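Me: Got a model I'd like to walk through with you. Can we start with the charged side chains and then look at helix packing?

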Amino acid sequence: MGVLSAFMRGVTRLNDVIGRGIALIVFAMFAFLIMEVAFRYLFNSPTVWTNELTQMLFGIYAVMSGGYIMAHRGHVNVDLLHSHLTPRGRAVLDILTSTIFFIFTLALLYFGYDMASESIASWETSYSAWNPPIWPVKAAIPLGTGLLVLQGIVKLLEDIAVAFNLSYYTPESQDDAKGEPL
């Protein structure tokens with residue numbers, strides 16, 4: 001089971017590194033929006049590119065952060081039933097509901113890949129006044145979804161281990177996913 005544990009730790013570390021890097025995009029978006037406000041109201045010379053660039057950066061930020069958020073248990077959760085169950089009961093419920101997660105994310109991966117491939121093949125642009133390439137943003141969709149699917153597999157393996165009391169995962173190692181050193 002050492003390979004399985006290494007896979008689980010590796011995926012979580014990868015999502016952690018990418019998520020921490022992607023988080024820095026917020027500073028760029030903030031700077032561009034402040035710059036746009038300054039140009040518009042102080043110099044009476046608005047730009048044609050800052051709002052569109054900020055929207056594209058936010059799109060990348062949103063799709064690339066899913067794996068990180070899942071690794072840190074940050075997704076929205078309805079706790080009406082979940083909070084009243086034992087850890088083993090929560091794991092069983094999560095195993096059952098993971099089917100919905102995988103149907104959605106694998107469909108997003110499939111259709112996102114198709115859309116990104118078409119966009120890259122045509123070097124798609126936004127057709128706006130600024131007309132930047134948007135294929136990199138569309139390419140982030142299957143990439144971010146792939147990272148989310150991998151982290152979903154890790155979560156499913158953790159739940160299976162807890163539900164069936166398997167040795168490759170113990171609940172104490174969940175601290176690994178919260179950013180603490182391994």
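Me: Is R20 buried, exposed or partly exposed?
Reply: R20 is partly exposed, at 44% relative accessible area. The classes are buried under 20%, exposed over 50% and partly exposed in between, with a 1.4 Å probe and protein chains only. Bear in mind that this is a predicted model, where local features need pLDDT of at least 70, side-chain atom pairs count only at pLDDT 80 or more, and totals for chains, interfaces and linings use all residues. Residues are numbered from 1 along each chain as its sequence is written, and side-chain values use heavy atoms, leaving out hydrogens and water.

Me: What does R20 form a salt bridge with?
Reply: With D16, where the closest N and O atoms are 3.0 Å apart. A salt bridge here is a side-chain nitrogen of Lys or Arg within 4 Å of a carboxyl oxygen of Asp or Glu. D16 counts as buried, at 16% relative accessibility. R20 and D16 are 4 residues apart in helix 1 (residues 2-23), so about one helical turn separates them. Helices are DSSP runs of H or I with at least four residues, numbered from the N terminus.

Me: How many salt bridges does that rule give?
Reply: The count comes to 6.

Me: What about E158, which residue does E158 pair with?
Reply: E158 forms a salt bridge with R73, with the closest N and O atoms 2.4 Å apart. E158 sits in helix 7 (residues 135-163) and R73 in the loop between helix 4 (66-71) and helix 5 (79-82), so the bridge ties together parts that are 85 residues apart in sequence. E158 is buried at 7% relative accessibility, while R73 is partly exposed at 29%.

Me: And where does D94 come in, and what network is D94 part of?
Reply: D94 forms a salt bridge with K155, closest N and O atoms 2.9 Å apart. D94 is in helix 6 (residues 87-121) and K155 in helix 7, 61 residues apart. D94, K155 and D159 are linked in a network of salt bridges. D94 counts as buried, at 17% relative accessibility.

Me: Switching to packing: how do the axes of helix 2 and helix 3 cross?
Reply: The axes of helix 2 (residues 25-42) and helix 3 (residues 50-64) come within 9 Å and cross at roughly 165 degrees. That makes the two helices roughly antiparallel, a label for angles over 145 degrees. Axes are lines fitted to C-alpha atoms over the stretch in contact, and angles run from 0 to 180 degrees between N-to-C directions.

Me: Which residues make the contact?
Reply: Among them are M29, F32 and L33 of helix 2 and L53, L57 and Y61 of helix 3, with contact meaning heavy atoms within 4.5 Å.

Methods: Parallel < 35°, antiparallel > 145°, perpendicular 65-115°, else oblique.
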